[in-house]
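Colleague: I am new to this structure and would like to learn how to read it. Could you take me through some of its features?

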There are 2 protein chains.
Amino acid sequence: MRRDPVKAVLYGVGTMGKLIVPLLTEKGVIVIGAIGGRNHLGEDLGEVCGLERKLHVTVSDDPEEVLSTRSADVAIVSIATFLADMFEPFERCIRNGLNVLTISEEMHYAWGNEPELTAKLDHLARLHGVTIAGSGYTDHFFFGQVAGLAGCCHRIDRIDGVGQDNLEDYGAGVAAMIHVGETVAAFEAAFPKSDGLRTWLQPVADAICVDLGLTPKTVRTSTTPWVEDVDMPCEVLDLTVKAGDVTGRTSQVDVETIQGTHVHFEFRERLYREGETDLNRWSILGYPDVTIENPAPAIATLTAAALVNRIPDVLDAQPGYRAPHQLSRPRYRPYPLHFYVRGDDS
Amino acid sequence: MRRDPVKAVLYGVGTMGKLIVPLLTEKGVIVIGAIGGRNHLGEDLGEVCGLERKLHVTVSDDPEEVLSTRSADVAIVSIATFLADMFEPFERCIRNGLNVLTISEEMHYAWGNEPELTAKLDHLARLHGVTIAGSGYTDHFFFGQVAGLAGCCHRIDRIDGVGQDNLEDYGAGVAAMIHVGETVAAFEAAFPKSDGLRTWLQPVADAICVDLGLTPKTVRTSTTPWVEDVDMPCEVLDLTVKAGDVTGRTSQVDVETIQGTHVHFEFRERLYREGETDLNRWSILGYPDVTIENPAPAIATLTAAALVNRIPDVLDAQPGYRAPHQLSRPRYRPYPLHFYVRGDDS
């Protein structure tokens with residue numbers, strides 16, 4: 001069992017990357033490289049992340065140089081939601097012998113949405129003896145605690161998940177993409193009701209089905225506008241949404257399985273009324289019924305902290321692409337996060 | 001990987017044993033023996049458990065005969081809360097080559113309360129190549145979901161767990177033992193406030209500390225009476241508790257660790273006011289704060305179902321006594337529960 005400090009490269013210096021770096025350094029992980037886009041090039045990563053001290057790591061736009069010349073154990077990749085947008089960065093990390101941990105939501109369970117790209121990554125990672133996996137908020141809140149809860153049920157007729165976040169927290173780009181402030185007709189023109197919309201919700205349902213031994217028969221997805229019967233301010237777009245116009249959306253996935261279990265997951269991105277908070281609630285209906293609820297979860301911080309705690313699991317895992325059910329269960333890691341910990345101490 | 005049906009012996013034909021048997025048979029486990037006390041001797045286990053069909057298994061009071069003459073894989077033991085009261089049955093199962101799964105709350109993590117008995121069992125189980133473990137409600141609700149939640153936190157200052165159940169559900173014996181209907185003075189004479197009370201709460205705190213890498217510095221336990229300011233009916237004792245007299249108790253454990261994290265767990269056994277329900281809520285205070293809540297959990301059914309789902313994990317585990325952090329994470333098991341499933345499919 002190795003006991004060296006972990007050396008990491010940050011790939012993607014956006015909002016999430018900046019949130020992750022202080023957690024890495026406080027846990028004793030040595031950040032030895034940072035790859036950014038247009039912003040912060042040439043700046044010191046410590047200053048970029050508000051550490052009030054230099055890390056003596058300069059944000060670079062030359063990934064090949066950073067990945068090939070330093071012997072990092074793991075790349076922390078936070079660039080985009082979908083695998084197709086991140087295949088090149090992933091491939092580059094793997095070819096340079098780095099394990100990969102990413103908050104890409106699709107990488108939670110990528111086999112269903114992207115079989116070909118996932119197979120390529122899995123094969124490449126096995127050839128290079130490294131592991132690639134997704135983690136973050138999804139890992140425990142949409143999978144671990146749900147799979148564990150299922151482990152306390154005798155019969156499962158239906159799994160019902162619902163999550164919610166506040167559009168004010170995610171920048172003007174997301175709110176505009178959802179057509180906040182526009183009419184329902186404009187929304188429906190942009191997001192037709194017909195099936196086939198790819199979202200990061202399917203990977204959540206896929207991972208649950210795989211872990212529970214459920215075989216999908218039909219999968220339906222939809223996205224519908226969220227409207228309120230009062231005018232709602234939208235600070236992030238600096239406008240007031242008129243009653244009846246779009247204040248957000250609900251994305252849904254519904255999986256019917258040959259075992260008869262129905263898996264439903266919906267996620268709402270919306271403007272909140274006074275007193276509303278982020279939300280995560282999963283119910284299992286069957287024998288018995290049981291519910292798990294996380295009131296007002298701090299989604300971004302939980303994502304960063306979960307990812308950092310996952311590092312030893314990924315370093316310790318079998319090579320290849322690993323979905324969450326194929327990693328050790330997530331655990332808290334005290335400082336210093338120096339050790340490759342085995343999941344099982346026999 | 002074996003693919004035989006699992007063969008089980010039921011050791012303890014009480015309320016919980018009777019709840020477990022239908023789940024075993026519905027999952028395809030073959031029950032080939034039943035060991036009882038005074039009740040139901042000579043009766044058919046199927047009829048005893050309300051199956052409306054015979055299982056052709058007669059409840060016996062001769063454990064040695066049942067355990068030594070049939071080749072069961074696992075004994076399902078539900079007799080008592082504390083290891084000291086179950087050491088002989090456990091030893092007998094192990095000596096006869098059976099794996100053991102028990103709902104004994106102390107067996108959740110027995111090393112702290114009973115180091116000598118646990119070491120003996122662990123050694124004996126290793127010599128016989130079998131595994132002994134506790135499961136049930138404690139497994140996920142007091143451990144798995146808490147440890148998983150901790151895995152999403154960067155820094156943990158305090159862990160706060162609170163559970164609650166209704167004394168009306170657990171028979172006259174439990175309510176009388178808690179001195180329900182008596183005065184606070186009578187309660188305090190029976191349960192002195194001084195430290196050292198052994199409860200099944202310490203094993204819950206111990207398992208969390210071990211998994212999170214926390215080292216206890218001081219451990220305090222207490223039990224205090226629960227009182228209401230109105231008269232409360234107690235059906236199970238067929239009396240009315242006067243306002244100010246005992247309607248239940250709160251048991252608590254508080255662990256200070258050298259890492260600075262405080263672990264608090266309290267469990268209330270009490271008579272409910274109108275509209276109150278069973279409860280399980282855990283909060284982690286640190287960075288970030290996060291909470292998990294299970295509204296109105298069906299404790300007895302969840303215990304039985306979790307135990308049955310755990311069977312493949314125990315059959316697949318390393319020999320010895322295994323606490324929950326040393327087993328694969330609990331999973332849902334579809335019918336038929338025939339296979340020894342590995343935790344990791346690489």
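Predicted model: local features only at pLDDT ≥ 70, side-chain atom pairs only at ≥ 80, totals over all residues.

Colleague: Let us start with domains. Into which domains is chain A divided?

Modeller: A domain may be made of one stretch of chain or of several, so read the bounds with care. Chain A has domain 1, made of 7-138 + 300-326, and domain 2, which covers 154-287. Taken over C-alpha atoms, the centres of domain 1 of chain A and domain 2 of chain A are separated by 27 Å. Their contact takes 13 residues from domain 1 of chain A and nine residues from domain 2 of chain A. The side of domain 1 of chain A that touches domain 2 of chain A has five nonpolar, six polar and two charged residues.

Colleague: Now a single residue. Is L271(A) buried or exposed?

Modeller: The way to tell is to count neighbours: a residue is buried if 20 or more other C-beta atoms lie within 10 Å of its own. L271(A) has 23 C-beta neighbours inside 10 Å, and therefore counts as buried. The place of L271(A) is in the loop between strand 12 (262-270) and strand 13 (279-287) of chain A.

Colleague: Which residues does L271(A) touch, leaving out those up to four places away in sequence?

Modeller: On that basis L271(A) touches L167(A), E168(A), M232(A), C234(A), V241(A), T247(A) and G248(A). As for D169(A), 102 residues from L271(A) along the chain, the C-alpha atoms of the two are separated by 9.7 Å.

Colleague: How do I read a helix pair? At what angle do helix 1 and helix 10 of chain B pack?

Modeller: Look at the angle and the distance between the axes. Helix 1 (residues 15-26) of chain B packs against helix 10 (residues 299-316) of chain B at about 50°, with axes 9 Å apart. That angle makes helix 1 of chain B oblique to helix 10 of chain B, and their crossing is right-handed. Among the residues that meet are L19(B) and L23(B) in helix 1 of chain B and A304(B) and L307(B) in helix 10 of chain B. The residues of this contact of helix 1 of chain B with helix 10 of chain B divide into 10 nonpolar, two polar and no charged.

Colleague: Last, the two chains. How many residues does the contact take from each chain?

Modeller: Count each side, then see which elements supply it. The contact takes 43 residues from chain B and 43 residues from chain A. On the side of chain B that touches chain A, the elements giving two or more residues are helix 6 (137-150), helix 9 (201-212), strand 14 (290-295) and helix 10 of chain B. Helix 6 of chain B gives the largest share of that side, seven residues.

Key: Residues numbered from 1 in each chain as written. Chains lettered and ligands numbered in written order. Axes fitted to C-alpha atoms, helices over the stretch in contact; angles between N-to-C directions. Helix = DSSP H or I, 4+ residues; strand = E, 2+ residues; numbered from the N terminus. Parallel < 35°, antiparallel > 145°, perpendicular 65-115°, else oblique. Left-handed = near helix turned anticlockwise from the far one by under 90°. Contact = placed C-beta atoms within 7 Å. Nonpolar A, V, L, I, M, F, W, Y, C, P; charged D, E, K, R; others polar. Buried ≥ 20, exposed ≤ 12 C-beta atoms within 10 Å, placed from the backbone.
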